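Please keep the sequence and the structure in view while reading.

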Amino acid sequence: MIHKHSISSKEDIIQTINQSIIDKTHIISCLANVASIIYHSLENINWAGFYFRNNYELLLGPFCGKPACERILIDNGVCGYSAKIKKTVIIPNVDNFENHIACDPNSKSEIVIPLLKNSILYGVLDIDSPKIDRFNADDKLFFEKITELIMKHPDIDLLKNIYKI
Ligand code: SME
């Protein structure tokens with residue numbers, strides 16, 4: 001059970017997510033709360049959530065923030081770029097990224113972390129900020145730790161029942 005009021009540091013966030021995985025919380029419920037925890041527990045975040053891969057497109061999954069585009073082709077936008085190269089992408093100023101898809105005009109910087117298991121792309125974790133240059137190398141390591149934990153969820157492959165991963 002997640003108690004939001006007790007999550008106050010990055011360490012707490014990692015522990016809370018880890019506990020949710022140990023408890024085998026339903027994979028979608030777990031990811032919905034990961035999005036909420038990131039959105040509500042960190043400074044200067046206006047969107048946090050998941051896209052899942054369905055063949056050559058990414059489909060909107062659990063998230064917190066304004067309504068977002070439901071379908072992104074691989075190689076489109078920051079999410080599609082991260083999905084294509086299978087690496088974390090940090091965009092300090094989205095206005096300088098030609099291919100950026102603006103779901104919320106308030107978003108100024110963005111980090112996208114691929115969800116990988118045995119080099120297979122399951123989707124991405126996308127986080128937006130209203131602040132330019134919000135995400136640094138420490139944030140990259142932190143969010144990559146979160147995705148690493150998520151990919152260890154015992155039911156992560158249930159996603160394959162819904163999406164063409
Ligand atoms: N900005 C993303 C699109 C998704 S929204 O930010 C939620 C992109 O360029 O891929």
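Which elements each supply at least two residues of the shell around the ligand? They are α3 (77–85) and β6 (120–129). The model under discussion is a predicted one.

**Surroundings of the ligand**

- Helix α3 makes the greatest contribution to the shell around the ligand, giving 4 residues.
- There are 15 residues around the ligand, and those that come nearest are Ala68, Gly77, Cys79, Ile101 and Cys103.
- Sorted by class, the shell around the ligand contains 8 nonpolar residues, together with 4 polar and 3 charged ones.

**Overall fold**

- The protein has 4 helices and 6 strands, and their order along the sequence is α-α-β-β-β-α-β-β-β-α.
- The protein is as compact as a globular protein of its length, because its radius of gyration of 15 Å is close to the 15 Å that the globule rule gives for 165 residues.
- The C-alpha trace of the protein extends over about 40 × 35 × 25 Å along its principal axes.
- Buried residues make up 34% of the 165 residues of the protein.
- When contacts between residues at least 6 apart in sequence are considered, 53% of them join residues at least 24 apart.

**Nonpolar core**

- The largest nonpolar core comprises 37 residues, of which Val34, Cys79, Val124 and Ile127 touch the most other members.
- Helix α2 (residues 27–41) provides the largest share of this core, namely 6 residues.
- Leaving aside residues up to four places away in sequence, Val34 touches Ile17, Ile146 and Ile150.
- Cys79 belongs to two of these descriptions: it is listed among the core residues that touch the most other members, and it is also one of the residues that come nearest to the ligand.

**Two loop residues with positive phi**

- Lys86 lies in the loop between α3 and β4 (89–91), and its phi is near 55°, a positive value in a residue other than glycine.
- Is Lys86 exposed, partly exposed or buried? Lys86 counts as partly exposed, because 13 other C-beta atoms lie within 10 Å.
- Ser119 is placed in the loop between β5 (109–117) and β6, and its phi, near 65°, is likewise positive in a residue other than glycine.
- Ser119 counts as exposed, because it has 6 C-beta neighbours inside 10 Å.

Conventions. Residues numbered from 1 in each chain as written. Predicted model: local features only at pLDDT ≥ 70, side-chain atom pairs only at ≥ 80, totals over all residues. Near = placed C-beta within 6 Å. Nonpolar A, V, L, I, M, F, W, Y, C, P; charged D, E, K, R; others polar. Rg over C-alpha atoms; globule rule 2.2 N^0.38 Å. Buried ≥ 20, exposed ≤ 12 C-beta atoms within 10 Å, placed from the backbone. Contact = placed C-beta atoms within 7 Å. Core = buried A, V, L, I, M, F, W, Y, C linked by C-beta atoms within 7 Å.
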